[in-house]
Amino acid sequence: MTINDIAKPSLIGMTRDDLRAALTELGVGDKQLRMRVNQIWGWLYAHGVREFDQMSNVAKQLRDKLAAAYTLDRLEMAEAHLSKDGTRKYLFRLRDGQLVETVYIPEVGRGTLCVSSQVGCTLTCRFCHTGTQKLVRNLTAAEITGQMVAARDDLEDWGHNPASNSGTRKVTNVVMMGMGEPLYNGDQVADALNVMSDGDGLSLSKRRITLSTSGVVPEIAPMGEKTGVMLAISLHAVTDELRDELVPLNKKYPIAELLAACRNWPGLSNAKRITFEYVMLKGVNDSDDDARALVKLLSGIPAKINLIPFNPWPGAPYQCSDETRMQTFADIVNRAGYASPVRRPRGRDIMAACGQLKSASVKQSAAELKKAELATRNLGR
Ligand code: SAH
Ligand code: SF4
């Protein structure tokens, strides 16, 4: 990479509209535009090429123009950690120096990529490490899509038949459950999810993409309409009193309003159920009465219940419920007809489990960040 490259934008992470605009600016005429967009799209997102010269069906002249104006640079991987259970955690350094985390969780027959929507999170759920991070900004659609591209690079997960989500593919599912509240960054998240689910590119089925929200009620239906992905709700409590404490956003959008929005989720049916996440906090929300109230609360909504053992982090004000307590809670929920195994935590040893993500960017002071930002800009000139 030369100093000039730093100023050039990357095509990686672009939406189809972005790519169309970029090609138009490079002088590709109306007649060719559709074909060229489709060709380049495939190279970017189905094949994951890293050199313009690999785009063999694109005219050399256009490849040269592209290379003069753009790069195929990926997000910069600052760190990668491998858990003893096979989970991988990536730390990416963004162009302004901010850091963001992505987690890959391999399972039998599938692999899930847990993607971030923001650096940090403006919300302050009491059990979540990300919520304690001070510096926050929204990620761009390119930075969100870029996490998946970089993970596919690292996992050597390119070039499978784009029409199939099975076979030997490594990233088969995406969950928007990393850092941040995706519905506070709805437009960029929707653009990114539509790139990920594009059948000629990254080609993830919408049924294999799940967006998790702490309950930003007015943004729920618009996201469903824009993307058609699956929805997960971080419920965690069955009374407003307790939920106000655990998920402070509940004061703004209480449980009844949240569940009303769920009932209106586009396409909601037994085939497209909503997942309700429930973190198991010892002595806080884990009684038999809580389990029964949970089942009652969700009656009539096509739902799955996901019981998440609380993942500890330094200074956390809670503990995880005991094994037997979680099992008894799960039994009550199961008897009511929900298959809800207690999820085995993954990647705890590398702080990659749910709610443990908190990038080290907080360790940089605001002044240091400003300096990093200026340095990037100066290099760009
Ligand atoms: N902001 C979104 C998505 C990111 S969090 C949301 O809140 O839904 C993904 C899931 O992990 C959420 O259900 C969240 O409540 C849960 N979570 C947060 N901290 C946790 C912790 N310490 N242990 C277990 N789950 C946690
Ligand atoms: Fe933000 Fe979700 Fe963590 Fe709450 S649980 S602080 S919404 S990332």
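Analyst: Sorted by class, the shell around ligand 1 holds 10 nonpolar, nine polar and two charged residues. Keep in mind that this is a predicted model.

Which residues come nearest to ligand 1? They are Phe 127, Gly 180, Ser 212, Ser 234 and His 236, out of 21 residues around the ligand.

Now look at single atoms. Ser 212 has a polar side-chain atom 2.6 Å from an oxygen atom of ligand 1. His 236 also places a polar side-chain atom 2.6 Å from an oxygen atom of the ligand. With Asn 311, the backbone takes part: one of its N or O atoms lies 2.9 Å from a nitrogen atom of ligand 1.

How much of ligand 1 does the protein cover? On its own, the ligand has 530 Å² of accessible area, and the protein covers 96% of that. As for its place, ligand 1 sits in the largest cavity.

Next comes ligand 2. The space it takes is the largest cavity. Around ligand 2 are Cys 121, Leu 123, Cys 125, Cys 128, Gly 131, Gly 180, Glu 181 and Ser 214. Find Gly 180 in that list. Gly 180 is also among the residues that come nearest to ligand 1. By class, the shell of ligand 2 has four nonpolar, three polar and one charged residues.

Finally, step back to the whole protein. It has 12 helices and 11 strands. Its radius of gyration is 22 Å, close to the 21 Å that the globule rule gives for 381 residues, so the protein is as compact as a globular protein of that length. Along the principal axes, its C-alpha trace spans about 70 × 45 × 40 Å.

Definitions and conventions: Residues are numbered from 1 along each chain as its sequence is written. Chains are lettered from A and ligands numbered from 1 in the order in which they are written. This is a predicted model: local features need pLDDT of at least 70, side-chain atom pairs count only at pLDDT 80 or more; totals for chains, interfaces and linings use all residues. Side-chain values use heavy atoms; hydrogens and water are left out. A residue is near a molecule or strand if one of its heavy atoms lies within 4 Å of it. A polar contact is a pair of N or O atoms within 3.5 Å; within protein, one must be able to donate a hydrogen and the other to accept it, and residues adjacent in sequence count only if both atoms are side-chain atoms. Accessible areas come from the Shrake-Rupley method with a 1.4 Å probe; for residues, only the protein chains shown count as cover. On a 1 Å grid over the protein atoms alone, a cavity is a set of points where a 1.4 Å probe fits but cannot get out, and a pocket is an open set with protein on both sides within 12 Å along at least five of seven lines; lining residues have an atom within 4 Å of a point. A molecule sits in a cavity or pocket if more than half of its atoms lie within 2 Å of its grid points. Ala, Val, Leu, Ile, Met, Phe, Trp, Tyr, Cys and Pro count as nonpolar, Asp, Glu, Lys and Arg as charged, and the others, Gly among them, as polar. Helices (H or I, at least four residues) and strands (E, at least two) are DSSP runs, numbered from the N terminus. The radius of gyration is taken over C-alpha atoms; the globule rule is 2.2 Å times the number of residues to the power 0.38.
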